[in-house]
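Please read them with the coordinates open.

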Amino acid sequence: MTMPASRVARPSTIEEAVRLLADNGPEAVIIAGGTDVVPNLQMKLFAPRVLVDIKPIRVLQGITIAAAGALRLGALTTLTEIVGSPLLQASYPVLVSAAATIAGPLQRNMGTLGGNLCLETRCLWYNQSHFWRKALGGCLKKDGDVCHVAPGGKRCWAAWSGDSAPALLTLDAEVEITGPRGRRRLPLAQFYLNDGMNRIALGRDELVTSVYLPARTAGRRGIYHKLRIRDSIDYPLAGVAVTLEVDRSGVCREARVAITAVNPAPLLVKEASEWLVGQRYSAELVDRVAHAAIRTGKPLTTSASTPVYRREMVRLFARRALEEAWKNGNA
Amino acid sequence: MHVHRIIAAHDCGKALNPMTVEGQIEGSVYMGLGQALQEEMVWNKGRLMNPTLLEYRIPSTLETPEIESIIVESIDPEGPFGAKEAGEGSLAATIPAIANAIYDAVGVRINTLPITPEKILAALREKEKQRAGNDAPGTNGGSR
Ligand SMILES: Cc1cc2nc3c(=O)[nH]c(=O)nc-3n(C[C@H](O)[C@H](O)[C@H](O)COP(=O)(O)OP(=O)(O)OC[C@H]3O[C@@H](n4cnc5c(N)ncnc54)[C@H](O)[C@@H]3O)c2cc1C
């Protein structure tokens, strides 16, 4: 599978990158680590005229302390850096736990946080070679007008298949986006649109420049559980991230549960904080939240595993992660 | 589901090159392991749904257990220098060995490949249902 011919532009400043994006509109695609873009290019899922390689932009790198004790992660921070960061391990363990499950070591060395948050949605009918898709006549997301997952529907169900986003949702993270009109900051939950075709709230002329972790969620207990067939390489078939703040007497003060790979967006389970805050651990309560997690997830046949099993695992992982976080701290 | 260790003995007649024979045994066990637990071609109306190695999942190093190979030499009078074969012999035995290990561990028999956690869960539920049915008053039990 060859790559379509495109020009590679290598801006060294954010402004230059924004200009390239604005000038080329839909003809430009951002490339960071390339671990998602390159396979998609090889499958001819898009054929941009210009690849805007943002790796030379130095200010997008690294983990730094920002205003109000927040932690700023540059969009180019690699997943390997995240997994190996003592600061993140100590303060935001759920993110480390999730990042460590992404792909395999090779992709984590190349793959960036920005790329992971802007990943294309995935579907069994979409992530196929050009030849395969042509034989089928395309799908709603690409070159066709039929959804093979939910025929008759006009909505694309391609699954959000990233692992770091659910963890960041449980940390109340914000994304910083830069475009021709300057910078804006958005709660991560508002960045995802839950639409397989139009996955993120990002303009054609914008890029993600940073992720901010607020000081108030530092130190929260957290765990990420992921369903996959192999312990490496595989994208999530389902994933659950949990963070908890539990006081000395064992009462829950803050709680977040987020799920991934079972909807076109990573989603917070709304009931979790509502039901858990102010409560002590009980198996029954945790079970109730786990059920709410299932109701939030709508897995369809976007992958080879069955939706029934993925739903089961969402419930199991939610229950298990809450139990572990509550009883053992950061397991 | 994790396979912790596989011990494979193979009668190759005469090991002309013992290290190669061991390599063949390990390779065969690995292939059998993949077929037993993960590898599957998923079809939909004649279309192969997982034509790449991302979705057709061969075991990674993390799923591959320690393999202990035992060479059995029986000296075949018909074969060259007493040798028979060291091809894929150990592959065939690996699959039922894993299926039996699962039966030994959780008491359910899965008769289709690959043996996924999903199938085991379904079989366990089915077994539970049958047991509940058999224990219920007024029924006179199942076959097992
Ligand atoms: C075999 C394999 C297995 C994988 N398994 C997993 C997995 O288990 N979990 C998982 O989450 N991911 C997985 N991935 C996907 C990928 O490796 C990671 O998501 C990685 O973090 C992507 O980062 P990148 O820098 O390589 O992104 P790229 O490929 O460079 O970009 C990804 C997307 O984001 C856009 N983009 C990149 N940076 C920015 C930015 N700063 N602003 C705006 N848009 C941007 C690109 O235009 C593109 O659409 C896997 C990939 C492969 C090849």
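Leaving aside neighbours within four places in sequence, which residues is A:Arg72 in contact with? The first point takes this up.

1. This is a predicted model. Leaving aside neighbours within four places in sequence, A:Arg72 is in contact with A:Val59, A:Leu60, A:Gln61, A:Gly62, A:Ile63, A:Thr64, A:Ala66, A:Thr209, A:Ser210, A:Val211 and A:Tyr212. The residue itself, A:Arg72, belongs to strand β5 of chain A, residues 71-74.

2. The charge of A:Arg72 deserves a check. A:Arg72 is buried and has no salt bridge. The nearest side chain of opposite charge belongs to A:Glu176, 5.4 Å away, whereas a salt bridge requires a nitrogen-oxygen pair within 4 Å. The side chain of A:Arg72 does make a polar contact with the side chain of A:Ser210, at 2.9 Å.

3. A:Thr13 sits in the loop of chain A between β1 (7-9) and α1 (14-24). A:Thr13 counts as partly exposed, because its relative accessibility is 32%. Between A:Thr13 and A:Arg72 there are 18 Å from C-alpha to C-alpha, and the two are 59 residues apart along the chain.

4. In chain A, the strands of an open sheet follow the order β1-β3-β2, and their pairing is parallel. Its edge strands are β1 and β2 (28-31) of chain A, each of which pairs on one side only. On average, and with direction ignored, neighbouring strands of this sheet are turned by 30 degrees against each other. Three bridges connect β1(A) with strand β3 of chain A (residues 50-53) in the parallel sense, and A:Val8 stands opposite A:Leu51 in β3(A). Helix α1(A) packs on the sheet and touches β1, β2 and β3 of chain A. The direction of α1(A) makes about 165 degrees with that of β3(A).

5. Another sheet of chain A is open and has four strands, in the order β9-β10-β11-β12, with antiparallel pairing. The edge strands here are β9 (221-227) and β12 (267-268) of chain A, and each pairs on one side only. Strand β11 of chain A (residues 252-260) runs antiparallel to β12(A) and is joined to it by two bridges; the bridge partner of A:Ala258 in β12(A) is A:Leu268. Helix α13 of chain A (residues 307-328) packs on this sheet, where it touches β9, β10 (238-246) and β11 of chain A. The angle between the directions of α13 and β9(A) is about 160 degrees.

6. Salt bridges come next. The structure holds 28 of them over all chains. A:Arg185 and A:Glu174 form one, at 2.9 Å from N to O. A:Arg185 lies in strand β7 of chain A (residues 182-187) and A:Glu174 in strand β6 of chain A (residues 174-179), so the pair ties together parts that are 11 residues apart in sequence. Both partners are partly exposed: A:Arg185 has a relative accessible area of 45% and A:Glu174 one of 27%.

7. A:Arg256 and A:Glu254 form a further salt bridge, with their closest N and O atoms 3.3 Å apart. A:Arg256 counts as buried, because its relative accessibility is 15%, whereas A:Glu254 is partly exposed at 27%. These two also belong to a network of salt bridges that links A:Asp172, A:Arg216, A:Arg220, A:Glu245, A:Glu254 and A:Arg256. For A:Lys142 and A:Asp143, the salt bridge has its closest N and O atoms 3.7 Å apart, and A:Asp143 is exposed at 58% relative accessibility.

8. A:Val96 is placed in helix α5 of chain A (residues 93-99). Is A:Val96 buried or exposed? A:Val96 is buried, because its relative accessible area of 11% is under the cut-off of 20%. Leaving aside neighbours within four places in sequence, the contacts of A:Val96 are A:Ile82, A:Val83, A:Leu88 and A:Gln89.

9. In chain B, strand β1 (residues 5-11) shows alternating side chains. Seven bridges join β1(B) in parallel to strand β4 of chain B (residues 66-72). The bridge partner of B:Ala9 in β4(B) is B:Ile70.

Note on methods
Residues numbered from 1 in each chain as written. Chains lettered and ligands numbered in written order. Predicted model: local features only at pLDDT ≥ 70, side-chain atom pairs only at ≥ 80, totals over all residues. Heavy atoms only, no water. Buried < 20%, exposed > 50% of the residue type's maximum accessible area, 1.4 Å probe, protein only. Lys, Arg positive; Asp, Glu negative; His and termini not counted. Polar contact = N/O pair within 3.5 Å; in protein donor to acceptor, adjacent residues only side chain to side chain. Contact = heavy atoms within 4.5 Å. Pairing = 2+ DSSP bridges. Axes fitted to C-alpha atoms, helices over the stretch in contact; angles between N-to-C directions.
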